[in-house]
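Let's take a friendly walk through this protein, starting with the chain as a whole and ending at one residue. Have a look at the model below before reading on.

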Amino acid sequence: MSDEDITLTAGDAEATVQVGNGGRVGGVRVGGVELLRQGERFGCFPMVPWCGRIRDGRFRDGATTHQMPLNAPPHAIHGTARDGAWTLARHTGDEAVLTYDLTEPWPYPGRITQVFALAPDALTLTMAVETYDSSFPAQIGWHPWFNREIGGASVEIGFDAEWQEERGDDHLPTGRRTDPGPGPWDDCFGMPGGVDVTLTWPGQLEVRVTSPEQWVVVYDEQDAAVCVEPQTGPPDGLNTAPRLVTPLEPLEATTTWRWRRL
């Protein structure tokens, strides 16, 4: 058990895993070049047991309504696990496994496991939510903050989505799907064939973010960073598109960032 940072290495790539700071990736360096915005709240944090906003912080499970803390008033945002200290289960030079036991304010017992696997040209993140008791709805996602500028080059975001979730004034999907529109974005997109978004810093690096999941939020309204967030459902998905975790069926998801120099 440890709350210290773990550094993984593979070739000239390094990744820092912050065990005690929400089980997040604190940084990824390729040939000494940092891909992620630095700071206690940044890097890449896990969104679990839900992703994005829950409307008014409330979600239904059958006839029961649960209230989550309004940490993005009037909504609750990005789950509870990013605020906790995780436990290091094991690590080698290029892989780390972390666990986190769900606790209040989340109303159900369960365990989250994260695997961080580094290769010379990629980082693969895998997450699972398990329960040995009550079944419950959940979501999994990742919230990386990629630096907008690397080596003096500003990032270009490329993707081909089948639809965009129409966003209401409350920043939540209205339930209507539209054709993808131009940025800037704080929007959820649908990719039925799997998430596939390319970030290009011309003359420097290309990073391709992929996942078998079909939902991704793209956020590029800040000057310092852009976010590409694969997830198992849309914002407010605990209410609109819940995925059920049962004692026999955990919820699992994975994403890979693959890079190459330009």
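For the charge count, Lys and Arg are taken as positive and Asp and Glu as negative, with His and the chain ends not counted. Each charge is placed at NZ of Lys, CZ of Arg, CG of Asp or CD of Glu. On that basis, the 20 positive and 38 negative charges of the protein chain have mean positions 2 Å apart.

A word on the source: this is a predicted model, in which local features need pLDDT of at least 70 and side-chain atom pairs count only at pLDDT 80 or more, while totals for chains, interfaces and linings use all residues. Residues are numbered from 1 along each chain as its sequence is written, and side-chain values use heavy atoms, leaving out hydrogens and water.

Now the fold. Of the 262 residues, 54% count as buried, that is, under 20% relative accessible area with a 1.4 Å probe, protein chains only.

Let's finish at Met127, which lies in strand E13 (residues 122-130). Met127 counts as buried because its relative accessibility is 0%. Beyond its neighbours within four places in sequence, its contacts (heavy atoms within 4.5 Å) include Pro46, Ile112, Trp142 and Leu251. Pro46 is 81 residues away along the chain, yet the two C-alpha atoms are separated by 8.6 Å.

Technical notes:
Buried < 20%, exposed > 50% of the residue type's maximum accessible area, 1.4 Å probe, protein only. Helix = DSSP H or I, 4+ residues; strand = E, 2+ residues; numbered from the N terminus.
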